[in-house]
Amino acid sequence: MPDSGNPEAKASPNLPWTTRLFMSAVAFAVDVSCRPNMTCNRRLFNLVDLKCSASSQPKNGVKSFDFVIDSDRNLWFRLYTPTNVTETATTSSLPVIVYFHGGGFVLLAANSKRYDDHCRRLAKEIPAVVISVNYRLAPENRYPSQYDDGIDVLKFIDTKISTVEDFPACADLKRCFVAGDSAGGNLAHNVAVRANECKFSKLKLIGVIPIQPFFGGEERTQSEEDLNDITPLVSLRRSDWMWTAFLPEGTDRDYPAANTFGKHAVDISRVDIPATIVIVGGFDPLKDWQKRHYQGLKRHGKEAYLIEYPNAVHGFYIFPELHEGSFIDDVGNFIRDQSAKS
């Protein structure tokens, strides 16, 4: 899968006015919910973050249900199973995608309406069994709480998922992928790294899919300077607030959880990281950090691919009207390629 070229420089993205208006409303809700004293008013943010229930009856060709792993830390997942598997797949074998939602480690949830729609599309169109994880949020729960939750979900899938009544027999745990967007893309990478310390008996990770992953550092990159406040959702001010809320107190954005290949990075040369496809948007202020992540993987001898959609803003995947035509196909092709190798 070839790397894409650099996007053509443009003044601003071409967004439908309704989408730009909604993004602006979300950005305003973030700004008033994430307070200067480093607390978060999620009740206020929930006015724009609509939630939805699981659907045991098929909806758009996919059924879903929720399963609680640990109620004390609100760790649970929503499982999506396609009911209209395409003729090119077999109901006896579907890949499994463990998905981590975005939100800067601070906001959103597995039952957020836009993530429910997004995971439902992935399950139907790839097709795959999707496990969407609801993990603890900062600032109440700082690093490494989210990574711990991600690993615990993988351990649960490996040892106890067969006890879940509605888990489909067609799910192939030997073809498991960790995926996520924004902060969830950061999570996907770091959970994959930590998985090396685990001895799984049934589960095998064969791919990592970080979609516009949330990485950063103390340096201000060219894309951060050029695209700051160009699109409604991402700005330096919001990103800085979320890093401060998530990272250990007393650290800065060069901490390895943010800057994966910076001066304090852990050497991963001998870490077995599955093949990774990094998805980048041309109008994402974070794109330079995302490209550095890809380059760091390649530099350490890892199998990595980069796909860039020149006109995409941060979060395009949860807005159907902004979907790049090949996005689902690109993810599906990567999954099929890695499945064939396993």
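How many helices and strands does the secondary structure of the protein come to? I looked this up before anything else. The answer is nine helices and eight strands. I note here that the model is predicted.

**Contacts and burial.** I checked how far apart in sequence the contacting residues lie. Of contacts between residues at least 6 apart, 78% join residues at least 24 apart. Buried residues account for 58% of the 342 in the protein.

**Surface and charge.** I have the accessible surface at about 14,500 Å², with 49% of it belonging to carbon and sulfur atoms. I counted charges as well: there are 39 positive and 42 negative side chains. The centres of these two sets lie 3 Å apart.

I then turned to the interior. In soluble globular proteins, nonpolar side chains tend to be buried together. The largest nonpolar core here has 58 residues, and V98, F100, V106, F167 and V178 have the most contacts inside it. Helix α4, residues 145–160, gives the most to this core, with six residues.

Leaving out residues up to four places away in sequence, F167 touches F65, L79, V129, I131, I161 and L173. I also found a second, separate core of 38 residues, with L15, A179, Y305 and I307 among them.

Methods. Residues are numbered from 1 along each chain as its sequence is written. This is a predicted model: local features need pLDDT of at least 70, side-chain atom pairs count only at pLDDT 80 or more; totals for chains, interfaces and linings use all residues. Side-chain values use heavy atoms; hydrogens and water are left out. Helices (H or I, at least four residues) and strands (E, at least two) are DSSP runs, numbered from the N terminus. Buried means under 20% relative accessible area, exposed over 50%, partly exposed in between (1.4 Å probe, protein chains only). Contact means heavy atoms within 4.5 Å. Accessible areas come from the Shrake-Rupley method with a 1.4 Å probe; for residues, only the protein chains shown count as cover. Lys and Arg count as positive and Asp and Glu as negative; His and the chain ends are not counted. The place of a charge is taken as NZ of Lys, CZ of Arg, CG of Asp or CD of Glu. A nonpolar core is a set of buried Ala, Val, Leu, Ile, Met, Phe, Trp, Tyr and Cys residues joined through side-chain atoms within 4.5 Å.
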